[in-house]
Amino acid sequence: MSQRVNSLSKQLEPLRQQLTNHPLYASVQSTDDLRLFMQSHVWAVWDFMSLLKALQRNLTCVDVPWVPVGNAETRYLINEIVVGEESDVDPDGNRVSHFELYLQAMKQAGADTHLSEALVSELKNGRSIDETLATLHLPEGSRQFIGFTFDLIKKGRLHEIAAVFTFGREDLIPDMFIALVRQLRDQSPQQLSLFTYYLERHIEVDGDHHSHLAKAMTAELCGSDPQRWHEATLAAEAALQARIALWDSVYAQISHPETV
């Protein structure tokens, strides 16, 4: 299966290069710019968790009474990733999800968290994702990005969800951007220490151990079915294009705020 995974990765490489070379990263030159970046990037952090739970819900048993579901190797893969994403550690060793850590980093940096917190609050109160998105005044780029993710989840095709989860996520942030954030942190250590930690921690985990687990999961779900591999490739391409569109919208906010 590694040959098929490598082939899929190769086909996605032009879009990945387009993302890692996106002018958005170089446009972030100040803490104010970084706040705008965080206020849009947080949606990619949040819906990553939703993709993860969609996979867990379908690939493991989350009901009572418990019964074994699917392949034990796949169950291990998804549960291992859930542990790391949903209950990692902050710089002081306290357990926290990556989304909650990101919100803490936003608050420390002075970024606006009211939309992301309002979304979580509405969902906790029983509103559907569609109802919530209709009432929140999100930037159009963020709304479309989240809409793509939940349209995919609603379709429920696990090999497509796995491919998007595996190939469309946080290892796309380039080293040059992390270096820039470190420079800004050195200028404002009280504002950006948590965001720097988040990037270093999340990229370390997602780009290495979790990346290998996710690729194995995608290979397991696609199996030897050429149609599934084709559909997985199309879904991953669409996810990368959705991220490019999100980055385009953030770049416009930073580069031409008077027109947004």
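Predicted model: local features only at pLDDT ≥ 70, side-chain atom pairs only at ≥ 80, totals over all residues.
**Ground rules.** I number residues from 1 along each chain as its sequence is written, and side-chain values use heavy atoms, with hydrogens and water left out. Local features need pLDDT of at least 70 and side-chain atom pairs count only at pLDDT 80 or more, while totals for chains, interfaces and linings use all residues.

**Overall fold.** I looked up the secondary structure and found 12 helices and 2 strands. Helices (H or I, at least four residues) and strands (E, at least two) are DSSP runs, numbered from the N terminus. Along the sequence the pattern reads α-α-α-α-β-β-α-α-α-α-α-α-α-α. The radius of gyration is 18 Å, close to the 18 Å that the globule rule gives for 260 residues, so the protein is as compact as a globular protein of that length. That radius is taken over C-alpha atoms, and the rule is 2.2 Å times the number of residues to the power 0.38. I also noted the C-alpha box, roughly 50 × 40 × 35 Å along the principal axes.

**Burial.** I checked how much is covered: buried residues make up 53% of the 260. Buried means under 20% relative accessible area (1.4 Å probe, protein chains only).

**Largest pocket.** A pocket here is an open set of points on a 1 Å grid over the protein atoms alone, where a 1.4 Å probe fits, with protein on both sides within 12 Å along at least five of seven lines; lining residues have an atom within 4 Å of a point. Volume is the space filled by probe spheres set on the points, which are joined across faces, edges and corners. I read about 380 Å³ for the largest pocket. Its lining has 14 residues, and Trp-46, Ser-97, Phe-99, Val-120 and Lys-124 lie nearest the centre. Helices H3 (31-59), H5 (98-109) and H6 (114-124) each give two or more residues to this lining. H6 gives the most, with 5.

**Second largest pocket.** I found about 160 Å³ of space here. This pocket is lined by 14 residues, with Gln-39, Trp-43, Asp-112, Leu-115 and Pro-139 nearest its centre. H3 and H6 each supply at least two lining residues. H3 gives the most, with 5.

**A cis bond.** I looked at the peptide bond from Val-64 to Pro-65 and found it cis, with omega near 0 degrees. Pro-65 sits in the loop between H3 and helix H4 (72-86).

Technical notes
Buried < 20%, exposed > 50% of the residue type's maximum accessible area, 1.4 Å probe, protein only.
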